[in-house]
Amino acid sequence: MCASMHVNKSQRTSTHTTQNSIRHGLRAKIRPPRISSLNQANLSDSWNDLSIAITEIQNKNASNLSFGELYTKAYNMVLRKHGEKLYNNVKNQIKNYLLNVYKDIVKSFDYQPIVIYPLFESSIKTGGDNIDTEADFNDSNDPNDTLINISTDEPIVLKENIDRNIRFLEKIVTIWEDHIFSMKMISDVLMYLDRVYAKENSLPSVYDFGISLFNDFVITYNNNKIGEMLNQIVIDQFYLTRKNLTTNSENNLIKSAMKMFESLQEDYLTRNKLRNSRLKAKEGSTTAVNYYLRYFEPFFLKKSSDYYEVFAKKLLSFHDGSIYIESISSLINEEENRFLLIVPDETYPKLVQLMDNILINNNFNQILDFEGNSLNYWLYNLDFKKLKLTYKLAKRIDSEFKLLREKLRNYIFLNGQKLEVKVKLFIQNINNNNNNNNNNNNGDNKNNNSHNNNKSNRLNVKKRTLKETQTLFANEWIKLILKFREKLKTSLKTCFENNNNFSATIENAFSEFINLNPKVSECLAIYMDDYIKKSLKQSTSISSKVSNNISNGINNSAIANGNTAISTINSSSNNKLGSMNDDIKTWIEGSVILLKFINDKDLFEKYYKNYLGKRLLTSRNSFNSVVGNIDNNIESFAIIKIKEETGTSFTSKLEGMFRDIKKSKELNDEFNSNIGKDSLELEVNILTSTFWPQTNSREIDSKIIYPEFLKSKQEEYNEFYYKKYSGRFLNFTSNFGTMDIRIQFNKKRHEIIIPIYGGLILLLWSDLDQRNLKFTMKEIEEKTMIPRNDLIRHLQSISVAPRTRLLKKEPMSKGINETDLFSFNESFEAPTFKVKVLTISMISSAATNAKANQAANKKEDQAGGKNRNVEMDVEIEDKKREDQQIMRDVLLDRKYEIDAAIVRIMKARKRLEHNELMSELIKLLIGRFKPSPQSIKQRIESLLEKDYLKRDEQNINLYEYVA
Amino acid sequence: DPDNREQIGLDGTINYIQGLGLEPEDRRALILAFILDSPSMGIFRHESFVSYWTSQNAYTLPDMRGLLDRFEDELKSETGYIKLKQLYRYSFGFIIEKNQTTIDSDIAIDYWELLLEDRFPEKIPIWCEFVKLAKKGGISKDVWNMFLDFLIQYKDDNTYDNWDPMAAWPNIIDEFVSYCRKDTI
């Protein structure tokens, strides 16, 4: 027998190679058959010889056999048309042999379970704390641990049966391998039978039926008796493997067993039929169902599924997201490694899918919703490890992450809303603390964090006004929102692979909760205003301004004192206030990003413009901040960033405001250094009326009476300006600018920085001779023509306010009446040379006056608190009015914008269906605001009415543009 | 008309209508205005007056009255939406005062009752009540026109279950629908 037959003991696939080498090696020995000599008797002898040889081969006694002889015998039988007989004889003999094998096996062994799987019972030990249970849980990963785990919910492993089963499994595998080996030899001997008879009759080769017979008469014989035992043993072993209780060689054994299952083909007759029907006519096509697919795999999947179910249920009982995801992650990881090692390729994806489905998909929703240690907690605490795990798990079940994104959205939406509540509580807290601090020297603030305390101490020397509260709210709220966003962005980057879907989810959720509060636009504007103001506020230089209409403004300076000296002042300081460092840049960029989430961007623009206007006109640094180079200038940098976020049309007015201020500065320099060169310096801000929110009534302005020297100065400026720009009209607005006036008092000279109205009042006493004159309020009103409200306010500032009592008032009360007498206070004193007169706000002025007049009849000064309330009410009322006005303006602007957009679209499209028009419009306008369908319809109706559009006669949903 | 020979003035119109045996408040008076293409209330142009009646071979008052009655009957018939629509749409221009774009809602209500109530006996009273309550100043041409389309389309539907506020109906009709829905609940 040729040595080469030992090659590739069990691998059927290599049969062909083996045959080749046999043929090759033996070619010389094979003599051409002698056709003549064989007769009937020889034939049955031949079979006897072959039959004996087969038995010898099966008994591993092949070494005595002569391959050549046997081959020749088989060859002759086939040649003499006895192929069929030979084929059937061989088959019968092998079948009988295998039946005996079966009997032997069954006699010697009976399956004993090694793992007893209990029915799962929920058995959370409610007493145990998490750490213990977790540790307990990890036990199974430690192979040194007890083999037999008798906790109620763990299957019981019967160690004593393991070896027995293993030995049995080994035995079957060995029998199988031996059988394969003999079949190979037999089929080599009967090669001619295969090649001629089997092929011609489309029958399975000898080797193939050898395998089928093993399947039919050993493994699956008698209702799959042995097969079931094998299945059970392999599954048990696999369970032990899962528990890390097996050795490598045992694992290899399982693997071999599975290989065997795979090799075991179905009953050859079934296959035969298939072949005959020519469905799978190709030689060697092995797609027929094998034992593995038919019996083992379903069982295996079922058992695995049970295993995962129990695993998941047990984990769920902890009600702890961390435990769950960490445990299943490591399980999945281990399982996948196991699968790679042991499980056939085709089962791998099935198991993975099964696992993902049971462990992740079925429970994910529940897990992520756990209170306490779960998604929300991880997001809140930036638990990157858990978030990453969650993401990875989610990815396994859905590449679009629908569930996880939904959860994320909910988290952001809910917690985003909470931020507002938090800020309100925080503010309330400060107020309470403040009261406490007032009551008990050092109220115990144990519950409040130091942040609170610092804040409260700093902010709460006095009760805040509404505006301050509002600013505080805006600052804190916006800060929290930005912080919240920052956190989520970090999570996105670190844990969610910057996935685009997630990033969109986050942004949408932000937009959702932010816009719940209609004040968000205003808050952002306040927030930015506050910050920019603080950054700019560092120096004291003096400037002033006035404005209106196509422009204009006077301002500044002048007057008088002791000896009619008119001196002046004022020059803008040179310090680089507008310059920025990177912090500021980052800050601005960070804030402007919020704009992206705001629906009512136009409302933001409105507020921002208001604040910007105030900043530009009142900040002494405005010139610097505008003149500085672009990169280095806070205001323009902010505008650039806003532009990037919203587009050009949005910021054109804001930019126009800058240009105005810049141009004004140039004009002032020119004017003051040439024409207006005298001791009185005039600085004018020329404001294009359409850009600026600040407006004034031209009627009032034209009535205001200026002293001669100021008037002539104004006219000089007018002349100067009209020469440069004919066709424009200047209107001096008197209620915005300031004057710097030097006055000699009894003790000292002071420079008084005062709003124009106040200055005009003071200038009534500019003549030294008239210093001791007294005027009634009514007289002052007539002499200056300042509107009554403003007059009262400014009189209060300079006669009632304790630090700036430049005028004496009779009687000395807080309220101002028509008949009150005012005179110059020569004995005015102040600690500094420069004295700034702060104008009492319109609100508190009105309140004080109202209260004072009210109280005048009764007792003076009853309780400051009450006064405060009146003031507060007035302030709130005032704020409400202002907001309503802004809202009205915005709504009006929107009307125009919608109209313009409709006309633009319809002009381009001529005819458009209602719905299309709606969506086009929303697309076009979303950068500014989100128009409601009602408002759009209203505009459409109005355009229909004005005959810009008409409806189609037939289709009422179709609009047509009317040129 | 003594001032203008091309047209019949207000007094003449009233006389004429009475001659036909009708009150000025009768719908047939409006039909008359429609078929004779009267440019505004109380005025008939000579030319269209003559040409129309000539084309209809109607030279006597009874002839004319007969035509009006037939038109009136057509409006009442189940299929007469086309005529109704023509008359209805014409009415807006007829009612509206010079240099206005809308008609006063009180006047509009009178005409809705006159023109439509017999065909839409359920909806018109509710609608008129709604318009009064809502205090909408004027009724624009679009609202006027769309309203009849709405009535026809939702003739038998008083619950408006499938109402789509995003559709092209004017706002006032949206509001009317939500008013009705609240009412029905």
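## What counts as a pair

Two strands pair if DSSP finds at least two bridges between them. Strands (E, at least two residues) and helices (H or I, at least four) are DSSP runs, numbered from the N terminus. This is a predicted model: local features need pLDDT of at least 70, side-chain atom pairs count only at pLDDT 80 or more, and totals for chains, interfaces and linings use all residues. Residues are numbered from 1 along each chain as its sequence is written.

## A sheet in chain A

With that in hand, look at β6(A) and β7 (residues 821–824) of chain A: they pair in the antiparallel sense over 4 bridges. A:Glu810 sits opposite A:Leu821 in β7(A). Both strands belong to an open sheet of 3 strands in chain A, in the order β5-β7-β6, with antiparallel pairing. Its edge strands are β5 (774–776) and β6 (807–810), each pairing on one side only.

## Where the chains meet

Now for the contact (heavy atoms within 4.5 Å). Chain B brings 17 residues to it and chain A brings 15 residues.

There are 2 salt bridges between chain B and chain A; the term means a side-chain nitrogen of Lys or Arg within 4 Å of a carboxyl oxygen of Asp or Glu. A:Arg951 makes a salt bridge with B:Asp142, and their closest N and O atoms are 2.5 Å apart. On the side of chain B that touches chain A, the elements giving two or more residues are α8 (141–153) and α9 (171–184) of chain B. α8(B) gives the most, with 5 residues.

Key: Chains lettered and ligands numbered in written order. Heavy atoms only, no water.
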